[in-house]
Amino acid sequence: MLERGRPITSAELNRRADWIRLQTVDLIEQAGIGHYSSTFSCAEIIATLYYHVLRLRPDDPQWPDRDRFLLGKGHVATGLWPVLADLGYYPAEWLKQFGKIGSPLNDHPNMRLAPGIDFSSGSLGHNLSVATGIAYAGRLSNLDYRTFVLTGDGELQEGQVWEAAMAASHYRLGNLVAIVDANGFSGAGPTSDAMNIEPLATRFEAFGWRAVEIDGHDVDALTRTFDELPDPSSSQPTCVIARTRKGKGVAMMEESPQAWHLGLLSPRLRDRVVAEISGRMR
Amino acid sequence: MTQTEPKMVDVFSDVEIDTALATNAAGFAIAAMADTNPHIVTLTADLGAVLAEFRERHPARYIELGIAETNSVSVAAGLATCGYLPYIYSMAPFGILKCAEQIRTDLAYNHLPVRLVGRLTGLAMGIFGTSHHAVEDVAVARALTNMTVIAPADSNAVLSLMRSTEHHEGPIYVRISEGAGQVYAEPPAFEFGRWLRLRTGADVSLIGHGMGVGLAVRAAHELAARGVEADVYDAAFLKPYDADSIVDTVRRTGAVLTIEDHSEVGGLAGIVAETLGRNGVSARVGHVALPDEDLEVGVPADLYEYYGLTPAGVVNKALELVQL
């Protein structure tokens, strides 16, 4: 069993986040298209959750006491697949099937096909509601698991998110944690140019949540924030607003995050990106 | 296949409207089921009154979600992944049509056992305006892969069919028809996906679901008095539906009339026409259904009369068919 709060150094977590970026480059190349910059913005968040925070049993993916993780922003599943393989949910060979017909690993996760996926996603705005149901079930069953949801910031424009936010605080679900990958961009441009979602912390607080705002690439801040989560039996859901950069870790993507929301690196650019990330990992 | 003869009411001595439905057979059924099944939870979007019995007996398993239907479907999906069996009670125009995408993506694609109990279907809220009509719900629900769609004919059918929803993988829509006349004298025995034949006749097939069944049964008596013998079916299962019964009855009668308080698009009328076409069965085909146009607003009884959803309306359409 992987316990909560497993020891890991900051350097290792940073390296793990960059490894997620490299794996994402490979997977997207296999599929012929994919979401680079949205995955890169949450690489540290995924690394910290899976290598430090979550209580898991990869050999028993349906274990009732496991902490749940829902990928609300399902379009970044390329960042999750290598992690789940690394933790032993399925053989690493599965990654080679990514993008092919019949592969259990899709561009957006499907809970019926991939072990370790607690809920399918792809249609934005659903997963905070689903997580509210899972957290409620934890209360009914007297289990102390936590339920985490990673949402995009553009996803918060979906009205259903706020229906869920209302319900989660109404039912005092302190076992529920929403993490907003606030990278400031949606597919078509800056998120709040399309529809202002700020001030995020104030909005969640107004819905009865505890809100924490941190640098989403600072693994120490992430670790500390998750370590200091209130007990699952507490009565207020937590929203971690992780301020991130879309395309983080690759200079040209940080400069033009939108251009790399969805795309495919040419072989030349791929080599440049891989060299930039690998150089940091040495 | 042999079928147990369903015990039916005498349509001429019993009251026209099934008052037990108005007093909420679906609410009583779920309270009784939850007595023996600790995994059953109920959710509603501001329709808690229907679940008074359940709330009294199982308060911890009643989850009110306010006027937020889409959220209730996704919350139920989460509960279902943890081993619970959620029944969502909602007004059909909102609980089904507004939530079509959540039902598809969260429930149907994931094969999750969530039950959608739709109250106030068809024109049951006809006086409130077209926003409150639920006349496309069957078309939408049956287009979704992995869905089961059930439309009980009366309160006894509700009791029987609700029990059948307890052990089944995948989501189920139970379409409660408030305006139905009583058909069964006791809860009939259904086989999953099969229709009950309620009457045998060689001249015309009458197939209804929900309130359409009571209309078909009453119309068949009237038709018999005019020398026309109807083969009558309760199409309680709209997905999966009973293609064998459609082909069998129409091969014998050569004429079929479907009866439903649903749009003529995508409901039982479509099911029967598609099945006949796919099986190469040539027949005279008609439907009593709601036209694909802006519907009138009024009290249900007036609307049923206006659109021919009455025994007389069914008789007239059936006579037209057999006299063609």
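Guide: Welcome! A residue is called buried if 20 or more other C-beta atoms lie within 10 Å of its own, exposed if 12 or fewer, and partly exposed in between, with C-beta atoms placed from the backbone. This is a predicted model, in which local features need pLDDT of at least 70 and side-chain atom pairs count only at pLDDT 80 or more, while totals for chains, interfaces and linings use all residues. Residues are numbered from 1 along each chain as its sequence is written, and chains are lettered from A and ligands numbered from 1 in the order in which they are written.

Visitor: What share of the residues of chain A counts as buried?
Guide: Chain A is built from eleven helices and seven strands; helices (H or I, at least four residues) and strands (E, at least two) are DSSP runs, numbered from the N terminus. Its C-alpha trace spans about 50 × 45 × 35 Å along the principal axes. Of its 282 residues, the buried share is 51%.

Visitor: Which element gives the largest share of the side of chain A that touches chain B?
Guide: Two residues are in contact if their C-beta atoms, placed from the backbone, lie within 7 Å, and 21 residues of chain A are in contact with 22 residues of chain B. Helix H5 (127-141) and helix H6 (159-170) of chain A are the elements that give two or more residues to that side of chain A. The largest share, ten residues, is from H5(A).

Visitor: How many nonpolar residues does the side of chain A that touches chain B have?
Guide: Ala, Val, Leu, Ile, Met, Phe, Trp, Tyr, Cys and Pro count as nonpolar, Asp, Glu, Lys and Arg as charged, and the others, Gly among them, as polar. By class, this side has eight polar and three charged residues, and its nonpolar residues number ten.

Visitor: Moving to chain B, what share of its residues counts as buried?
Guide: Chain B holds 13 helices and twelve strands. Its radius of gyration of 19 Å is close to the 20 Å of the globule rule for 324 residues, so it is as compact as a globular protein of that length. Among its contacts with a separation of 6 or more, 79% join residues 24 or more positions apart. Of the 324 residues, the buried share is 57%.

Visitor: Which residue in E6(B) is the bridge partner of Gly118(B)?
Guide: Strand E4 (residues 115-119) and strand E6 (residues 172-175) of chain B pair in the parallel sense over four bridges. In E6(B), the partner of Gly118(B) is Arg175(B).

Visitor: How are the buried residues of H10(B) arranged, and what arc do they cover?
Guide: In helix H10 (residues 243-253) of chain B, the buried residues are Ser245(B), Ile246(B), Thr249(B), Val250(B) and Thr253(B). The arc is that of the directions from the helix axis to the C-beta atoms. They sit on the same side of H10(B), because the arc around the axis is only 115°.

Visitor: How many C-beta neighbours does Val183(B) have inside 10 Å?
Guide: Val183(B) lies in the loop between E6 and strand E7 (196-199) of chain B. Leaving out residues up to four places away in sequence, Val183(B) touches several residues, including Met8(B), Ala157(B) and Val217(B). Val183(B) counts as buried, and its C-beta neighbours inside 10 Å number 30.

Visitor: Which residue in E12(B) is the bridge partner of Ala255(B)?
Guide: Five of the seven residues of strand E12 (residues 284-290) of chain B are buried, so E12(B) is largely enclosed by the rest of the structure. E11(B) and E12(B) pair in the parallel sense over six bridges. In E12(B), the partner of Ala255(B) is Arg284(B).

Terms used. The radius of gyration is taken over C-alpha atoms; the globule rule is 2.2 Å times the number of residues to the power 0.38. Two strands pair if DSSP finds at least two bridges between them.
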